[in-house]
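Trainee: I would like to learn how to read the contacts in a model such as this one. Could you take me through it step by step?

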Amino acid sequence: MTLLSPLAQAIAELLADTAVKAKVADRVRPIEPTGGTNGDVQPPGSWKRFVVAGYLDAPERPGLPVVDAALFIRAYGTSFPDAEALLEDCRAVFRRKGPRVATSRLGVYRSDVTGGGALDKDPDTAQPYGYTVITMIATTAAVPA
Amino acid sequence: MAKGPTKRVVMNRAALDAMALGLADGLLAMGTAILEDAVAHAPHDEEKAAERGVAPMRETGGVYVEVNGRKVGGNGNKPPSRTRSTRMGGYRSVKGAASMAVGFGSPIAHFAELGTVKENARPFLTPAFDRGLPGASDFVLPAVGKRLREAPPSELERGLGALLGVKSR
């Protein structure tokens with residue numbers, strides 16, 4: 001069974017973007033970062049760049065096979081300017097992007113940046129990050145080939 | 001404890017006509033319902049709040065309504081002004097429009113909504129908005145109707161004229 005997931009599609013699009021990939025390699029995570037000695041989460045002085053994406057909400061339109069997915073993206077950097085630059089690279093992936101069909105056959109009508117853009121420090125590690133909200137209007141059924 | 005409207009709000013509301021006032025009333029009612037929904041689903045963060053020396057998030061919610069860039073209504077302990085909660089969301093008032101914002105003044109509310117490295121996101125405000133917005137007409141239409149029924153004829157004429165782009169006599 002192929003999972004038609006706007007979140008999975010967002011992760012795939014971030015990983016496929018050359019600017020994002022150049023900075024974080026494969027460290028684009030759904031829901032939570034990885035821990036452990038070589039994980040994403042490191043103490044001050046050893047910070048790594050990584051991106052976390054997840055759902056804020058994904059209501060379906062009544063009577064239609066369409067979902068309005070609101071996703072958060074947190075882009076962690078080694079400094080505030082670094083986090084801001086990574087965040088902007090992530091936002092560019094989804095800003096005013098039109099119709100496309102994923103390899104999973106998920107149809108995406110449109111994606112856009114609809115909120116966020118602010119910077120903060122993580123309360124547990126003090127690592128700088130920027131966050132944004134993107135909206136992805138997608139299908140809930142596979143698009144025929 | 002709820003406070004009455006400030007003098008600034010009273011003056012701002014006096015400058016509006018019946019339709020704009022009705023719209024503001026409806027938006028305030030809708031925002032209040034959304035806020036109550038968000039509070040009901042907000043994570044319990046009393047321990048973390050005490051650790052950080054701030055009020056629990058549930059107690060910091062507020063609603064803010066403005067028309068033509070001027071505040072005309074709000075409730076909650078400290079309605080989110082155009083500071084952290086609304087500015088960070090990209091909120092901008094639009095001339096000639098009515099706007100409503102709901103937010104939480106707690107400095108740790110966005111950590112609950114968006115998550116941290118150690119705690120996964122537990123969105124409660126975005127889902128509350130998504131549940132509440134489709135029912136906007138249930139709040140706005142009765143409020144506008146009430147104001148129109150109470151408005152004197154001269155004010156109705158002026159308001160409708162403004163709506164239609166026709167100068168009243």
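Mentor: Let us begin with a term: a salt bridge is a side-chain nitrogen of Lys or Arg within 4 Å of a carboxyl oxygen of Asp or Glu. In this predicted model, the side chains of Asp82(A) and Arg49(A) meet in such a bridge, at 2.8 Å from N to O. Local features here need pLDDT of at least 70, side-chain atom pairs count only at pLDDT 80 or more, and totals for chains, interfaces and linings use all residues. Side-chain values use heavy atoms, with hydrogens and water left out.

Trainee: Where in the chain do Asp82(A) and Arg49(A) lie?

Mentor: Helices (H or I, at least four residues) and strands (E, at least two) are DSSP runs, numbered from the N terminus. Asp82(A) belongs to helix H3 (residues 80-94) of chain A, whereas Arg49(A) is in the loop between strand E1 (28-30) and strand E2 (50-57) of chain A, so the pair, 33 residues apart, links distant parts of the chain.

Trainee: How many salt bridges are there over all chains, and how many between chain A and chain B?

Mentor: The whole structure has 12 salt bridges over all chains, and the count between chain A and chain B is 0.

Trainee: How should I read a pair of helices?

Mentor: Two packed helices are described by the angle between their axes and the distance between the axes. Axes are lines fitted to C-alpha atoms, for helices over the stretch in contact, and angles run from 0 to 180 degrees between N-to-C directions. In chain B, the axes of helix H2 (residues 18-41) and helix H6 (residues 125-132) come within 8 Å and cross at roughly 140°. That angle makes H2(B) oblique to H6(B), since angles under 35 degrees count as roughly parallel, over 145 as roughly antiparallel, 65 to 115 as roughly perpendicular and the rest as oblique.

Trainee: Which residues of H2(B) meet H6(B)?

Mentor: Met30(B), Ile34(B), Asp37(B), Ala38(B) and His41(B) in H2(B) do so, and their partners in H6(B) include Leu125(B) and Phe129(B).

Trainee: Which helix does H1(A) meet?

Mentor: Ala10(A), Glu13(A) and Leu14(A) in H1(A) meet Cys90(A), Val93(A) and Phe94(A) in H3(A). The axes of H1(A), residues 6-16, and H3(A) come within 10 Å and cross at roughly 115°.

Conventions. Residues numbered from 1 in each chain as written. Chains lettered and ligands numbered in written order. Contact = heavy atoms within 4.5 Å.
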